[in-house]
Amino acid sequence: MKLLVTGGAGFIGSNFINYWLNKYKEDYIINIDRLTYAANPEYVKQKYFEKRYKFIKGDINDKELMEKSIKDSDVIINFAAESHVDNSIKSAEPFIISNYYGVYNILELIRKYDKRFHQISTDEVFGSLPLHSNELFDENTKYNPKNPYSATKAGADMLIRSYINTYNIKATISNCSNNFGPNQHKEKLIPKTILNALNNEKIPVYGNGLQIRDWIYVEDHCSGIDDVIHKGNIGNSYLFSARNEIKNIDIIKRILKTLNKDESLISYVNDRPGHDVRYGINPDKAMKELNWKPKYNFDDALKITINHYKKNMNLNKDL
Ligand SMILES: NC(=O)c1ccc[n+]([C@@H]2O[C@H](COP(=O)([O-])OP(=O)(O)OC[C@H]3O[C@@H](n4cnc5c(N)ncnc54)[C@H](O)[C@@H]3O)[C@@H](O)[C@H]2O)c1
(Lines give C-alpha, C1' and ligand atoms only; values in the text may rest on other atoms or scores of the structure.)
Protein backbone atom coordinates (compact mmCIF):
# COMPACT_ATOMS: atom_id res chain seq x y z
CA MET A 1 0.00 0.00 0.00
CA LYS A 2 0.97 3.57 -0.57
CA LEU A 3 0.01 5.69 2.43
CA LEU A 4 -0.15 9.43 2.75
CA VAL A 5 0.34 10.37 6.40
CA THR A 6 -0.23 14.00 7.35
CA GLY A 7 1.24 15.38 10.57
CA GLY A 8 3.72 12.49 10.71
CA ALA A 9 6.55 14.53 12.24
CA GLY A 10 4.59 15.00 15.46
CA PHE A 11 4.16 12.64 18.40
CA ILE A 12 1.58 10.04 17.33
CA GLY A 13 2.16 10.37 13.57
CA SER A 14 5.90 9.66 13.87
CA ASN A 15 5.27 6.64 16.09
CA PHE A 16 2.70 5.43 13.57
CA ILE A 17 5.10 5.71 10.61
CA ASN A 18 7.84 3.84 12.52
CA TYR A 19 5.30 1.16 13.53
CA TRP A 20 3.84 0.75 10.04
CA LEU A 21 7.07 0.66 8.02
CA ASN A 22 8.56 -1.83 10.48
CA LYS A 23 5.53 -4.09 10.18
CA TYR A 24 4.64 -3.79 6.49
CA LYS A 25 7.93 -4.16 4.64
CA GLU A 26 6.42 -3.65 1.18
CA ASP A 27 4.55 -0.45 1.99
CA TYR A 28 5.50 3.12 1.13
CA ILE A 29 4.69 6.26 3.12
CA ILE A 30 4.71 9.94 2.19
CA ASN A 31 4.66 12.21 5.23
CA ILE A 32 3.43 15.79 4.79
CA ASP A 33 4.00 17.91 7.86
CA ARG A 34 4.19 21.66 8.24
CA LEU A 35 6.74 21.31 11.05
CA THR A 36 5.16 23.37 13.81
CA TYR A 37 7.00 23.81 17.11
CA ALA A 38 5.70 20.33 18.15
CA ALA A 39 7.30 18.49 15.24
CA ASN A 40 10.70 17.00 14.59
CA PRO A 41 11.39 15.14 11.31
CA GLU A 42 14.07 13.09 13.13
CA TYR A 43 11.33 11.31 15.10
CA VAL A 44 10.83 9.07 12.04
CA LYS A 45 13.71 6.60 11.79
CA GLN A 46 14.26 7.44 8.12
CA LYS A 47 17.58 5.67 7.73
CA TYR A 48 15.97 2.27 8.39
CA PHE A 49 13.34 2.73 5.72
CA GLU A 50 15.44 3.93 2.78
CA LYS A 51 13.32 4.08 -0.38
CA ARG A 52 10.02 3.37 1.38
CA TYR A 53 9.63 6.77 3.00
CA LYS A 54 9.52 10.37 1.83
CA PHE A 55 9.14 13.49 3.94
CA ILE A 56 7.63 16.67 2.48
CA LYS A 57 7.48 19.90 4.48
CA GLY A 58 4.03 21.16 3.64
CA ASP A 59 0.60 22.17 4.86
CA ILE A 60 -2.63 20.18 4.59
CA ASN A 61 -4.24 23.43 3.43
CA ASP A 62 -1.92 23.56 0.38
CA LYS A 63 -4.40 22.49 -2.29
CA GLU A 64 -1.87 21.80 -5.04
CA LEU A 65 0.48 19.71 -2.89
CA MET A 66 -2.38 17.79 -1.30
CA GLU A 67 -4.05 17.11 -4.67
CA LYS A 68 -0.87 15.63 -6.14
CA SER A 69 -0.19 13.54 -3.02
CA ILE A 70 -3.74 12.27 -2.48
CA LYS A 71 -4.10 11.32 -6.15
CA ASP A 72 -1.00 9.13 -5.85
CA SER A 73 -1.95 7.37 -2.57
CA ASP A 74 -4.16 4.42 -1.62
CA VAL A 75 -4.94 5.51 1.94
CA ILE A 76 -4.76 8.93 3.61
CA ILE A 77 -4.40 9.13 7.40
CA ASN A 78 -4.64 12.55 8.97
CA PHE A 79 -2.73 13.21 12.20
CA ALA A 80 -2.05 16.88 11.38
CA ALA A 81 -3.41 19.21 14.02
CA GLU A 82 -2.67 21.93 16.47
CA SER A 83 -2.86 19.75 19.56
CA HIS A 84 -2.38 21.75 22.75
CA VAL A 85 -5.53 22.88 24.61
CA ASP A 86 -3.72 25.73 26.41
CA ASN A 87 -2.62 27.25 23.08
CA SER A 88 -6.18 27.03 21.77
CA ILE A 89 -7.39 29.01 24.78
CA LYS A 90 -4.84 31.74 23.99
CA SER A 91 -5.69 31.80 20.27
CA ALA A 92 -8.18 29.56 18.48
CA GLU A 93 -7.41 30.65 14.92
CA PRO A 94 -4.52 28.28 14.08
CA PHE A 95 -6.69 25.43 15.43
CA ILE A 96 -9.59 26.39 13.16
CA ILE A 97 -7.27 26.65 10.15
CA SER A 98 -5.42 23.33 10.63
CA ASN A 99 -7.92 21.16 12.49
CA TYR A 100 -11.06 22.24 10.63
CA TYR A 101 -10.22 23.88 7.29
CA GLY A 102 -7.34 21.44 6.78
CA VAL A 103 -9.75 18.52 7.08
CA TYR A 104 -12.20 20.23 4.71
CA ASN A 105 -9.40 20.54 2.14
CA ILE A 106 -8.55 16.85 2.49
CA LEU A 107 -12.21 15.82 2.29
CA GLU A 108 -12.79 17.63 -1.00
CA LEU A 109 -9.87 15.73 -2.53
CA ILE A 110 -10.90 12.41 -1.00
CA ARG A 111 -14.26 12.93 -2.63
CA LYS A 112 -12.77 13.90 -5.99
CA TYR A 113 -10.39 10.92 -6.17
CA ASP A 114 -12.55 8.41 -4.24
CA LYS A 115 -9.78 7.48 -1.78
CA ARG A 116 -9.84 5.71 1.59
CA PHE A 117 -9.51 8.24 4.44
CA HIS A 118 -8.95 7.84 8.15
CA GLN A 119 -9.14 10.74 10.61
CA ILE A 120 -7.32 10.69 13.94
CA SER A 121 -9.67 12.30 16.41
CA THR A 122 -9.82 12.49 20.17
CA ASP A 123 -11.98 11.56 23.14
CA GLU A 124 -12.01 15.27 24.03
CA VAL A 125 -14.84 15.79 21.50
CA PHE A 126 -17.18 14.21 24.08
CA GLY A 127 -16.45 16.82 26.76
CA SER A 128 -16.00 15.87 30.38
CA LEU A 129 -17.38 13.15 32.69
CA PRO A 130 -18.20 13.64 36.38
CA LEU A 131 -15.20 12.87 38.59
CA HIS A 132 -17.03 10.39 40.79
CA SER A 133 -18.96 8.20 38.35
CA ASN A 134 -18.47 5.01 36.36
CA GLU A 135 -19.86 6.59 33.20
CA LEU A 136 -17.77 6.05 30.04
CA PHE A 137 -17.76 7.56 26.54
CA ASP A 138 -18.68 5.19 23.72
CA GLU A 139 -19.42 5.51 20.00
CA ASN A 140 -22.99 6.70 20.75
CA THR A 141 -22.01 9.47 23.18
CA LYS A 142 -23.11 12.92 22.01
CA TYR A 143 -20.35 15.37 21.13
CA ASN A 144 -19.99 18.12 23.72
CA PRO A 145 -16.57 19.80 23.26
CA LYS A 146 -15.56 22.22 26.01
CA ASN A 147 -12.55 24.15 24.66
CA PRO A 148 -11.49 25.55 21.26
CA TYR A 149 -9.14 22.60 20.56
CA SER A 150 -11.80 19.95 21.12
CA ALA A 151 -14.40 22.07 19.29
CA THR A 152 -12.25 22.15 16.14
CA LYS A 153 -11.70 18.38 16.36
CA ALA A 154 -15.43 17.82 16.91
CA GLY A 155 -16.24 20.13 13.98
CA ALA A 156 -13.91 18.14 11.72
CA ASP A 157 -15.52 14.84 12.79
CA MET A 158 -18.97 16.28 12.04
CA LEU A 159 -17.82 17.43 8.61
CA ILE A 160 -16.42 13.96 7.87
CA ARG A 161 -19.67 12.32 8.99
CA SER A 162 -21.58 14.68 6.71
CA TYR A 163 -19.35 13.77 3.74
CA ILE A 164 -19.85 10.06 4.50
CA ASN A 165 -23.61 10.58 4.53
CA THR A 166 -23.83 12.99 1.60
CA TYR A 167 -21.11 11.82 -0.78
CA ASN A 168 -20.50 8.24 0.37
CA ILE A 169 -16.80 8.83 0.91
CA LYS A 170 -14.80 5.87 2.25
CA ALA A 171 -13.89 7.34 5.61
CA THR A 172 -13.47 6.19 9.20
CA ILE A 173 -12.72 8.10 12.41
CA SER A 174 -10.99 6.98 15.59
CA ASN A 175 -11.31 8.80 18.91
CA CYS A 176 -8.53 7.82 21.26
CA SER A 177 -7.84 8.60 24.88
CA ASN A 178 -4.66 10.34 26.12
CA ASN A 179 -1.50 8.92 24.56
CA PHE A 180 1.96 8.74 26.07
CA GLY A 181 5.30 7.46 24.82
CA PRO A 182 8.36 8.62 22.87
CA ASN A 183 8.43 11.83 20.76
CA GLN A 184 5.80 13.80 22.64
CA HIS A 185 6.32 17.54 23.04
CA LYS A 186 7.47 18.79 26.40
CA GLU A 187 4.31 20.88 26.83
CA LYS A 188 2.31 17.71 27.63
CA LEU A 189 1.97 16.25 31.15
CA ILE A 190 4.11 13.09 31.03
CA PRO A 191 7.17 14.39 29.09
CA LYS A 192 7.05 17.66 31.02
CA THR A 193 7.06 15.81 34.34
CA ILE A 194 9.90 13.48 33.30
CA LEU A 195 12.10 16.21 31.80
CA ASN A 196 11.50 18.74 34.59
CA ALA A 197 12.20 16.07 37.20
CA LEU A 198 15.43 15.04 35.45
CA ASN A 199 16.49 18.71 35.42
CA ASN A 200 15.34 19.25 39.05
CA GLU A 201 12.87 21.89 37.86
CA LYS A 202 9.43 22.57 39.34
CA ILE A 203 6.57 20.51 37.91
CA PRO A 204 3.44 22.65 37.44
CA VAL A 205 0.15 20.93 38.31
CA TYR A 206 -3.17 22.51 37.30
CA GLY A 207 -5.61 23.14 40.17
CA ASN A 208 -5.71 20.29 42.66
CA GLY A 209 -4.30 17.72 40.22
CA LEU A 210 -7.28 15.42 40.75
CA GLN A 211 -8.35 15.49 37.07
CA ILE A 212 -8.54 12.00 35.59
CA ARG A 213 -7.19 11.01 32.19
CA ASP A 214 -7.44 7.60 30.51
CA TRP A 215 -3.90 6.70 29.37
CA ILE A 216 -2.83 4.52 26.44
CA TYR A 217 0.69 3.76 25.24
CA VAL A 218 1.12 5.27 21.78
CA GLU A 219 2.02 1.93 20.12
CA ASP A 220 -1.32 0.48 21.22
CA HIS A 221 -3.06 3.44 19.56
CA CYS A 222 -1.01 2.76 16.39
CA SER A 223 -2.08 -0.90 16.32
CA GLY A 224 -5.69 0.26 16.68
CA ILE A 225 -5.36 2.55 13.66
CA ASP A 226 -3.76 -0.35 11.77
CA ASP A 227 -6.82 -2.50 12.58
CA VAL A 228 -9.25 0.22 11.45
CA ILE A 229 -7.39 0.58 8.14
CA HIS A 230 -7.45 -3.19 7.53
CA LYS A 231 -10.72 -4.27 9.15
CA GLY A 232 -12.77 -1.18 10.01
CA ASN A 233 -16.25 -0.72 8.61
CA ILE A 234 -16.44 2.27 6.29
CA GLY A 235 -18.42 5.14 7.76
CA ASN A 236 -17.78 4.02 11.35
CA SER A 237 -16.08 5.59 14.34
CA TYR A 238 -13.97 3.54 16.76
CA LEU A 239 -12.95 4.51 20.29
CA PHE A 240 -9.61 3.37 21.72
CA SER A 241 -8.54 3.18 25.34
CA ALA A 242 -6.48 0.85 27.50
CA ARG A 243 -8.78 1.47 30.48
CA ASN A 244 -6.12 3.24 32.53
CA GLU A 245 -7.91 6.04 34.33
CA ILE A 246 -5.39 7.80 36.55
CA LYS A 247 -5.36 11.13 38.41
CA ASN A 248 -2.82 13.63 37.06
CA ILE A 249 -1.23 14.02 40.47
CA ASP A 250 -0.80 10.24 40.83
CA ILE A 251 1.04 10.01 37.49
CA ILE A 252 3.38 12.78 38.60
CA LYS A 253 4.07 11.04 41.90
CA ARG A 254 4.76 7.72 40.13
CA ILE A 255 7.25 9.38 37.80
CA LEU A 256 8.99 11.13 40.68
CA LYS A 257 9.22 7.85 42.58
CA THR A 258 10.66 6.01 39.57
CA LEU A 259 13.25 8.75 39.11
CA ASN A 260 14.01 8.89 42.84
CA LYS A 261 13.02 12.56 43.01
CA ASP A 262 11.36 14.44 45.81
CA GLU A 263 7.68 15.44 45.74
CA SER A 264 8.72 18.98 46.73
CA LEU A 265 9.27 19.53 42.97
CA ILE A 266 5.47 19.61 42.57
CA SER A 267 4.10 23.15 42.22
CA TYR A 268 0.33 23.72 42.19
CA VAL A 269 -0.69 26.46 39.72
CA ASN A 270 -4.02 28.09 38.73
CA ASP A 271 -6.31 25.66 36.97
CA ARG A 272 -6.86 25.79 33.19
CA PRO A 273 -10.12 27.67 32.39
CA GLY A 274 -12.94 25.20 31.74
CA HIS A 275 -10.65 22.25 32.53
CA ASP A 276 -12.27 18.88 31.75
CA VAL A 277 -12.28 16.83 34.95
CA ARG A 278 -12.48 13.27 33.73
CA TYR A 279 -12.19 11.26 30.51
CA GLY A 280 -13.03 7.57 30.40
CA ILE A 281 -13.56 5.48 27.29
CA ASN A 282 -15.29 2.19 26.59
CA PRO A 283 -13.26 0.46 23.84
CA ASP A 284 -15.60 -2.58 23.52
CA LYS A 285 -16.58 -1.91 19.91
CA ALA A 286 -12.94 -1.87 18.71
CA MET A 287 -12.20 -4.97 20.80
CA LYS A 288 -15.15 -6.92 19.43
CA GLU A 289 -15.33 -5.75 15.80
CA LEU A 290 -11.62 -5.36 15.11
CA ASN A 291 -10.31 -7.90 17.61
CA TRP A 292 -8.02 -5.13 18.88
CA LYS A 293 -6.53 -5.13 22.31
CA PRO A 294 -3.83 -3.06 23.99
CA LYS A 295 -0.55 -4.90 24.52
CA TYR A 296 1.14 -2.68 27.08
CA ASN A 297 0.61 -2.54 30.81
CA PHE A 298 0.67 1.07 32.07
CA ASP A 299 3.61 0.76 34.48
CA ASP A 300 5.84 -1.06 31.97
CA ALA A 301 5.01 1.47 29.25
CA LEU A 302 5.72 4.33 31.65
CA LYS A 303 9.17 2.85 32.37
CA ILE A 304 9.90 2.57 28.61
CA THR A 305 8.79 6.19 28.21
CA ILE A 306 10.91 7.46 31.10
CA ASN A 307 13.97 5.66 29.69
CA HIS A 308 13.31 7.15 26.27
CA TYR A 309 13.31 10.72 27.61
CA LYS A 310 16.39 10.02 29.73
CA LYS A 311 18.29 8.85 26.64
CA ASN A 312 16.93 11.45 24.23
CA MET A 313 16.83 14.63 26.29
CA ASN A 314 18.60 16.39 23.42
CA LEU A 315 15.72 15.63 20.97
CA ASN A 316 13.58 17.86 23.19
CA LYS A 317 16.30 20.44 23.83
CA ASP A 318 14.75 23.35 21.90
CA LEU A 319 11.21 22.70 22.99
N1 LIG B 1 -1.74 13.27 22.06
C2 LIG B 1 -2.85 12.67 22.43
O3 LIG B 1 -2.98 12.20 23.56
C4 LIG B 1 -3.99 12.50 21.45
C5 LIG B 1 -5.07 11.70 21.81
C6 LIG B 1 -6.11 11.49 20.89
C7 LIG B 1 -6.03 12.08 19.64
N8 LIG B 1 -4.98 12.88 19.32
C9 LIG B 1 -4.95 13.45 17.96
O10 LIG B 1 -3.85 12.86 17.28
C11 LIG B 1 -3.31 13.75 16.31
C12 LIG B 1 -1.82 13.89 16.54
O13 LIG B 1 -1.61 14.41 17.85
P14 LIG B 1 -0.15 14.55 18.47
O15 LIG B 1 -0.29 14.43 19.94
O16 LIG B 1 0.78 13.69 17.72
O17 LIG B 1 0.14 16.09 18.14
P18 LIG B 1 1.50 16.81 17.74
O19 LIG B 1 1.24 18.26 17.98
O20 LIG B 1 2.65 16.15 18.38
O21 LIG B 1 1.60 16.55 16.16
C22 LIG B 1 0.82 17.20 15.23
C23 LIG B 1 1.62 17.32 13.95
O24 LIG B 1 0.80 17.95 12.95
C25 LIG B 1 1.59 18.89 12.25
N26 LIG B 1 0.69 19.92 11.71
C27 LIG B 1 -0.06 20.80 12.39
N28 LIG B 1 -0.78 21.56 11.54
C29 LIG B 1 -0.47 21.14 10.29
C30 LIG B 1 -0.88 21.52 9.00
N31 LIG B 1 -1.76 22.52 8.80
N32 LIG B 1 -0.38 20.85 7.92
C33 LIG B 1 0.54 19.85 8.10
N34 LIG B 1 0.96 19.46 9.31
C35 LIG B 1 0.47 20.09 10.39
C36 LIG B 1 2.57 19.42 13.27
O37 LIG B 1 3.72 20.00 12.67
C38 LIG B 1 2.88 18.18 14.09
O39 LIG B 1 3.97 17.48 13.55
C40 LIG B 1 -4.07 15.07 16.51
O41 LIG B 1 -5.04 15.15 15.50
C42 LIG B 1 -4.71 14.95 17.87
O43 LIG B 1 -5.93 15.64 17.90
C44 LIG B 1 -3.95 13.10 20.20
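Angles under 35 degrees count as roughly parallel, over 145 as roughly antiparallel, 65 to 115 as roughly perpendicular, and whatever is left as oblique. All the views come from a predicted model, where local features need pLDDT of at least 70, side-chain atom pairs count only at pLDDT 80 or more, and totals for chains, interfaces and linings use all residues. Numbering starts from 1 along each chain as its sequence is written, and side-chain values use heavy atoms, with hydrogens and water left out.

**View A. Helix 3 meets helix 5.** The axes of helix 3 (residues 63–71) and helix 5 (residues 93–113) come within 10 Å and cross at roughly 40 degrees, so the two helices are oblique to each other. Axes here are lines fitted to C-alpha atoms, for helices over the stretch in contact, with angles running from 0 to 180 degrees between N-to-C directions. Helices (H or I, at least four residues) and strands (E, at least two) are DSSP runs, numbered from the N terminus.

**View B. Who touches whom between helix 3 and helix 5.** Contact means heavy atoms within 4.5 Å.

**View D. Strand 9 beside strand 11.** Strand 9 (residues 212–217) pairs with strand 11 in the antiparallel sense over 3 bridges. Isoleucine 212 has lysine 247 of strand 11 as its bridge partner.

Note on methods. Pairing = 2+ DSSP bridges.
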